[in-house]
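Here's a quick walk through one model, from its ligand site to its helix packing and core. Have the structure open while you read.

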Amino acid sequence: MQLIETASKQVRLTIAIGVLVVAAMSCAQAAQPMTAGQQNYMLQCQGCHKANGEGFGESVPDLRSVGRQLLAVPAGRQFYVSVPGSANAPLSDQQLAEVLNFIIADILGDEDGRDDSLTRFTEEEITSYRSIRIADVQRLREDLVKSVTENSLAKKRGGTGE
Ligand code: HEC
């Protein structure tokens, strides 16, 4: 008899814990609804780029370093889409647009869309750049970074950069 009581207490305790876990999980979900862009970033990109975009030193660039400057010019936007990590991801063009827009909003910090130079990607823009193959990714990045940082310096000085 006592054995049965102990067993049923254990069952009740297990059920109670189960209910608590489920409740806690749905609370967490209710507090932070995850967008499809964020989910796919976590699944397809975060392993290399990390949750905050900082990457891994020399091997994976920090998305936050020149992301804003790159995304403000067509050549940089093209680079963002055609870089292997983006172009080859098992995502549709629409899904890749959502992931890159998540990067713009959450990692580069333009949640409210206030920065006019950080236009959101559309599916069409992804389609137009995605099939471009980059021969030398490192070199293209170096050239782009050089050109966008020189441009923004020129803007700051109010000159043309000449
Ligand atoms: C296996 C590791 C890996 C994964 C997964 C990965 N990337 Fe990358 N990413 C890199 C590396 C390495 C670079 C540097 C350029 C290169 O060598 O391809 C890079 C560069 C980039 C750049 C250029 C940033 C800059 O400042 O130069 C963007 C944008 C980017 N990745 C987006 C993504 C997106 C979006 C995903 C997910 C859909 C993704 N990557 C998945 C490794 C990865």
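## Around the ligand

Sorted by class, the shell around the ligand holds 12 nonpolar, seven polar and one charged residues. Bear in mind that this is a predicted model. The ligand is surrounded by 20 residues, and Gln44, Cys45, Cys48, Gly85 and Ala89 are the closest. As for where the shell comes from, two or more residues each are given by helix H3 (46-49), helix H4 (63-71), helix H6 (84-87) and helix H9 (137-157).

## H4 against H9

Two of those shell helices also pack on each other. The axes of H4 and H9 cross at roughly 75° and come within 10 Å. Angles from 65 to 115 degrees count as roughly perpendicular, so that's the label for H4 and H9.

On the H4 side, the residues involved are Val66, Gln69 and Leu70, and they meet Leu144, Val145, Val148, Thr149 and Ser152 in H9. By class, this contact of H4 with H9 splits into five nonpolar, three polar and no charged residues.

## H5 against H8

Now for another helix pair. Helix H5 (residues 74-82) packs on helix H8 (residues 123-130) at an angle of about 80°, and their axes are 9 Å apart. H5 and H8 are therefore roughly perpendicular to each other too.

Which residues do the touching? Gln78, Val81 and Ser82 come from H5, and their partners in H8 are Ile126, Tyr129 and Arg130. The class count for the contact of H5 with H8 is three nonpolar, two polar and one charged residues.

## The nonpolar core

The largest nonpolar core has 19 residues, and the members touching the most others are Tyr80, Leu96, Val99, Leu100 and Ile103. H4, H5 and helix H7 (93-107) each put in at least two residues. H7 has the largest share of this core, with eight residues.

Once you set aside its neighbours within four places in sequence, Leu100 is in contact with Tyr80 and Phe121.

## A loop residue: Asp115

What about the stretch between H7 and H8? Asp115 sits in that loop.

Key
Residues numbered from 1 in each chain as written. Predicted model: local features only at pLDDT ≥ 70, side-chain atom pairs only at ≥ 80, totals over all residues. Near = placed C-beta within 6 Å. Helix = DSSP H or I, 4+ residues; strand = E, 2+ residues; numbered from the N terminus. Nonpolar A, V, L, I, M, F, W, Y, C, P; charged D, E, K, R; others polar. Axes fitted to C-alpha atoms, helices over the stretch in contact; angles between N-to-C directions. Parallel < 35°, antiparallel > 145°, perpendicular 65-115°, else oblique. Contact = placed C-beta atoms within 7 Å. Core = buried A, V, L, I, M, F, W, Y, C linked by C-beta atoms within 7 Å. Buried ≥ 20, exposed ≤ 12 C-beta atoms within 10 Å, placed from the backbone.
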